[in-house]
Amino acid sequence: MADRLTINAGLRYTLNLPSTEINGQTAVFNLETRQLEYPGAEPVRPLKKDNFDPRIGAVYRLTDRTILSSGYAKVWIEMAGITTPFTTPNFPFLQDVSQRTLDNIAPAFVLAKGPTVTPVSPTPTAGLGQGVFTVDRTLGSGYVQQWNVSIQRELTPNTVVEVSYLGSKITNIGIPDSNINQLTEEQLTLGPTLLERVANPFFGIVPRSSSIGDPTITRAQLMKPYPDYTAVSFYRNNVGTTNYQGLGVSIRQRLSHGLLYSAAYTRSKLTDIASSVFDASILTGPLTNAAVADSHNLERERDYSTGDIPHYFAVSVVSDLPFGKGRATHLGGVVGALVNDWTVASFMTLQSGVPVAVTQAHALGYAGFTTQRPNLVGDPTIPADERTPARWFNTAAFATANQFTIGSASRNPVRGASYRDVDLALMRGIGVGGGREFELRVRGLQPAEHRQCRRAGGAGRTGELRDDHVGARSTRGAIRGEVLVLNSKTPREPQTPAAPAPARQHLRRAPSTAP
């Protein structure tokens, strides 16, 4: 538009076609009629036709060596998540069948005769006494909004420093399937009376093989919104939101006089309602271990995301050693053959630990809950010099919630161990003619490292951090040699190490200009 100002604007249209089951084997629980409906080949969710994606970017040259840039983009994602599309619930066409003992004395069945239970037929009442899926038909595709503002200053012809603000928000992102057939927090205050057994009005209607098919059931079961069903979950429910805010500072120097380097620091905050989407498996019924504590109040789940890394610093340096052709000194003879033309590279990453969930033994299953957290009664943080893998946080800050309490602790009340990584490499190119060369590379891998831990013991435990694969902290080193065959002798600039890929890695950057 002008010598100093450049603007790029665009508009993209996204059409996410709704999913259908190829043989029409789909059933959806109707919350009003309390029965299953069979849409057949019709989509469970209607086609959304208004998914327009605007984006705009602007760059303004303040001086010959300083530019100001900004960008905004809206991007539509899949109908129910980031990478997992919305499919359709398949019960009762896909179902688990079980047979249980009716009096805890006689066996469920004798192996010689085999079980007598049979799968239920696809009728409106097929889900009675079982868990069923419903669908929010009003929800469409989720979308990401990203924006940033940055100022770049050229210090030298090869060196640039940048300060930037980055923001991102996702609307209608998938969250774990959670059971809405549960008591409210107010109903839990009735206490032990909830566990009293009373006459079952659905006896003879609900199949006897169901856990609620006995002559008596708990009072809690009768108080649920759908007492003749064990669980009712919204299928592939994309009602979550995320929010990312970050401030970044970086300096970069292109290859000049045998030296290339970059350093970047980001201070950020990432919050969300749930740090994982729903289970991507083909399910026969609702999950019994969903991570949502209270399906009636999803805002209770809002907390620092499992992918939140408030401090992130990365630096890379690549430097030619002063011995070799075109360098300060060129040595001859055997010494030159050994030490000429080497390049050293180092990469270092320092980052904060990620948030860690604290849970306890689950005692609210009778009320329809799928997880339970302890009560927070103090500050879980302890001084850094007192932390060990066996006692990473203050266990006295948590108290066991009883079986009539959801628990007051947030979803991720503790932060795990920090992460440090340093790699060192020696590289040398050996020309072999014809524009080809061998590259000899010796690397020292991760001589210093602190692993991130994802889980913590709950109330009553020692405060130990646990990981499925490694210990809370580990240090390892390795030396590896490589020989690469390259097609060109053109100098290659190694990329600055990127941030580790957490669950919401795509949120951590916004476009400097519109795509």
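Predicted model: local features only at pLDDT ≥ 70, side-chain atom pairs only at ≥ 80, totals over all residues.

Reader: What is a salt bridge?

Author: The term stands for a side-chain nitrogen of Lys or Arg within 4 Å of a carboxyl oxygen of Asp or Glu. The structure holds 14 salt bridges. One of them joins the side chains of Arg 137 and Glu 37, at 3.9 Å from N to O. Arg 137 lies in the loop between β6 (131-134) and β7, and Glu 37 lies in strand β3 (residues 35-37), so this pair ties together parts that are 100 residues apart in sequence. Helices (H or I, at least four residues) and strands (E, at least two) are DSSP runs, numbered from the N terminus.

Reader: Which residues are linked in a network of salt bridges?

Author: Such a network links Glu 185, Asp 294 and Arg 300.

Reader: How is a residue judged to be buried or exposed?

Author: Buried means under 20% relative accessible area, exposed means over 50%, and partly exposed lies in between (1.4 Å probe, protein chains only). Consider the salt bridge between Asp 64 and Arg 61, whose closest N and O atoms are 3.0 Å apart. Asp 64 is exposed, since its relative accessible area is 67%, whereas Arg 61, at 27%, counts as partly exposed. In the opening pair, Asp 320 is partly exposed at 31% relative accessibility, and Arg 327 is partly exposed at 22%.

**Aromatic rings**

Reader: How is a pair of aromatic rings described?

Author: Such a pair is described by the distance of the centres and the angle of the planes. Rings of Phe, Tyr and Trp (its six-membered ring) pair if their centres lie within 6.5 Å; planes under 30 degrees apart count as stacked, over 60 as edge-to-face and the rest as tilted. A search of the whole structure finds seven aromatic pairs. Among them is the edge-to-face pair of Phe 29 and Tyr 226, with 5.7 Å from centre to centre and 85 degrees between the planes. This pair links distant parts of the chain: Phe 29 is in strand β2 (residues 28-30) and Tyr 226 in the loop between α2 (219-223) and β11 (231-234), 197 residues apart. Both Phe 29 and Tyr 226 are buried.

Reader: Why is the pair of Phe 393 and Phe 398 edge-to-face?

Author: The ring centres of Phe 393 and Phe 398 are 5.7 Å apart and the planes stand at 85 degrees, so the pair is edge-to-face. Phe 393 and Phe 398 are buried. Elsewhere, ring pairs link Phe 29, Tyr 226 and Tyr 229 into a cluster.

Reader: How many bridges do two strands need in order to pair?

Author: Two strands pair if DSSP finds at least two bridges between them. Strand β13 (residues 259-272) and strand β15 (residues 311-320) pair in the antiparallel sense over nine bridges, and Leu 260 stands opposite Val 318 in β15. β15 also pairs with strand β16 (residues 342-351), in the antiparallel sense and over nine bridges. There, Val 317 stands opposite Ser 346 in β16.

Reader: Which residue in the loop between α3 (333-339) and β16 deserves a look?

Author: Asp 341 has its place in that loop. Asp 341 has a positive phi of about 65 degrees, although it is not a glycine. Arg 34, in the loop between β2 and β3, has a positive phi of about 60 degrees and is likewise not a glycine.

Terms used
Residues numbered from 1 in each chain as written. Heavy atoms only, no water.
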